[in-house]
Structure formats: structure tokens, C-alpha cells
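Welcome, and take a moment to look over the sequence and the model. The report below walks through a few of its features, one after another.

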Amino acid sequence: MKRGALAAIAGLLLIGGSAVAVKMSAPAPASTELRPALARPKLALLTSLPLMFAESFSLEGGSPTLERLEQLYRVEPIAVADARSLSGKKLLLMAHPRAQPAEVLVELDAWVRAGGRLLLLADPRLDWHSDRPLGDPLRPPPDFADTGLLAHWGLTLEGPTVDGPSLRVVRGRDVLFGSPGRLISRGACRIGDGMVARCRIGRGKASIIADADFLNVAGPNGLDGPTAANLDLLIDELVRLDSR
């Protein structure tokens, strides 16, 4: 990270104040009701995973994750989490994103502090199968490329804590993860079940989950095991962020 960008992040920390703990009460059940199209709020989606389109970019694109999201939100893909891309948006899902430039992290931090809501899936080792060769720029990165954002918010991502599928109880649900990590808070972010960090940052909020493979619920290369509650966890976190 460039020295100037690091200084800018440090300045934002001093101006915006440190992260404040979010009360970790039990969530309401994940909504299964369709929202009318005009009533669905915008959800910006930044991901390296084949959620919007299949790896082959065929007409059979999409995913169970996208189908579930589109029941509640107007999903708008973005290529980078900069101020221009986030303008006019309140809610952002970053699902195992590629590394963001230092100057973009400064703008993302400012967006959250101004009231933005972020759900970040940060996977320490992605098990999601890809047919693209190693080195292909379109292949999802093997791990979450943290270039300073988590440390800026007082968090450390460790792991993976186990190799392969791992069934964990998260907020009362059995969720199947893939080689998940562990989050450690050095500040005021609250950690739930070792897997989820919830932070209040300025006027905004951020939730970080130490896995992204839990979205891989379908297909021959999907997680091997019970995944019925996996997408409920995703929806719960988004609804919680968007409703308070």
C-alpha cells in the first residue's frame, strides 16, 4: 500500500473515530417473501465469484445466490468499490472481491463512515472450483487479498482453521462452510461464533464473514453436505444491515 494512502486511511480513522460495537441480538428469520419489484432497494455487488454469470459467460448464467438476492433487492454489479460506483447506494455486498487499490479503500471507508452498509465475505482459502487456469485474471483469487481494510477496522483474519467442509452453528443455524477462517477483533468490533464480525463504523455498519465458499450451494462442485441454511445466513446479515 502506498505511504500516502496509508496516511489518508489513518486520517480517516482519526476523523471518523474508531469502530463502535454493534449489539449482537438474535436476528429475525430470513425473509422468504418476494418484495414487489419497485419496492426492492438497490444492492451493489462486487465479487470475483461466478454469481452473476457462469464462468463460461453462457446464457445460463446466474446462481442460487443471485436468485435469492433478487427476491429482495435490485442487484447492481460494480467493478470497483470507489466513490463513483457507490454513489447513490446504501448497501454493498463484497463477496470474495479482488484486491482493491489503496485509494479505493480510502473511498470505501469514507462511504461506510458516511452511512453505508457493507457485508464483506473474506475467505482465507477459497475452495470454490474454477476451470480457469492459475494466473487467469478472471479466476477468483485463492484467498482474500486484504490490503489494509480489516486492519484499519481493528480486525485480523486467520485461517483456515480447518480443511474442507465444516458445519458450524451460526446464530442458531447449521451453516456449511469451506475451509473457513477466524476473525479476531483488536478494537470494538464484536465477533459472533468466531466467524462473523459486526462493526459500527462512523454512521455506517459493516459485517465481515470469514468464508465465501458457503455460497457454493449447487452444482457438481458445490459444497458436499447440508447447505439448506447457507443462503439464509447471507440474507439475514443483509437484512440486519439494511434495517437498522
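Helix α6 has 14 residues and reaches 20 Å from its first C-alpha to its last, close to the 20 Å expected at 1.5 Å a residue. The expected span is 1.5 Å times one less than the number of residues in the helix. Helices (H or I, at least four residues) and strands (E, at least two) are DSSP runs, numbered from the N terminus.

A word on the source: this is a predicted model, in which local features need pLDDT of at least 70 and side-chain atom pairs count only at pLDDT 80 or more, while totals for chains, interfaces and linings use all residues. Residues are numbered from 1 along each chain as its sequence is written, and side-chain values use heavy atoms, with hydrogens and water left out.

Back to α6: twelve of its 14 residues are buried, so the helix is largely enclosed by the rest of the structure. Here buried means under 20% relative accessible area, exposed means over 50%, and partly exposed is in between (1.4 Å probe, protein chains only). Among the buried residues of α6 are N230, L233, L234, E237 and L241.

A nonpolar core is a set of buried Ala, Val, Leu, Ile, Met, Phe, Trp, Tyr and Cys residues joined through side-chain atoms within 4.5 Å. In the largest one, which has 32 residues, L93, L121, F214 and L215 touch the most other members. Two or more residues each come from β2 (42-47), α2 (64-69), β4 (91-95), β5 (117-121), β8 (173-178) and α6 (230-243), and the largest share, six residues, comes from α6. Leaving aside residues up to four places away in sequence, F214 touches several others, including L121, F177, L233 and L234; contact means heavy atoms within 4.5 Å. A second, separate core of 28 residues includes L46, I78, F144 and L149.

Next come the charged side chains. The structure holds 13 salt bridges, each being a side-chain nitrogen of Lys or Arg within 4 Å of a carboxyl oxygen of Asp or Glu. Here are some of them:

| Pair | N to O distance |
|---|---|
| D232 and R68 | 2.7 Å |
| D127 and R125 | 3.3 Å |
| R198 and E237 | 2.6 Å |

D232 in helix α6 and R68 in helix α2 are 164 residues apart, so this pair links distant parts of the chain. D232 counts as buried at 18% relative accessibility, and R68 counts as buried at 15%. R198 lies in strand β11 and E237 in helix α6, so their pair ties together parts that are 39 residues apart in sequence. Both R198 and E237 are buried. Salt bridges that share partners join R68, R173, D232 and D236 into one network.

Which cysteines form a disulfide? They are C189 and C199, with sulfur atoms 2.0 Å apart; the cut-off for a disulfide is a pair of cysteine sulfur atoms within 2.5 Å. C189 sits in the loop between β9 (182-185) and β10 (190-192), and C199 in strand β11 (residues 196-201), ten residues apart. The torsion about the S-S bond is about 120°, so the disulfide is right-handed.
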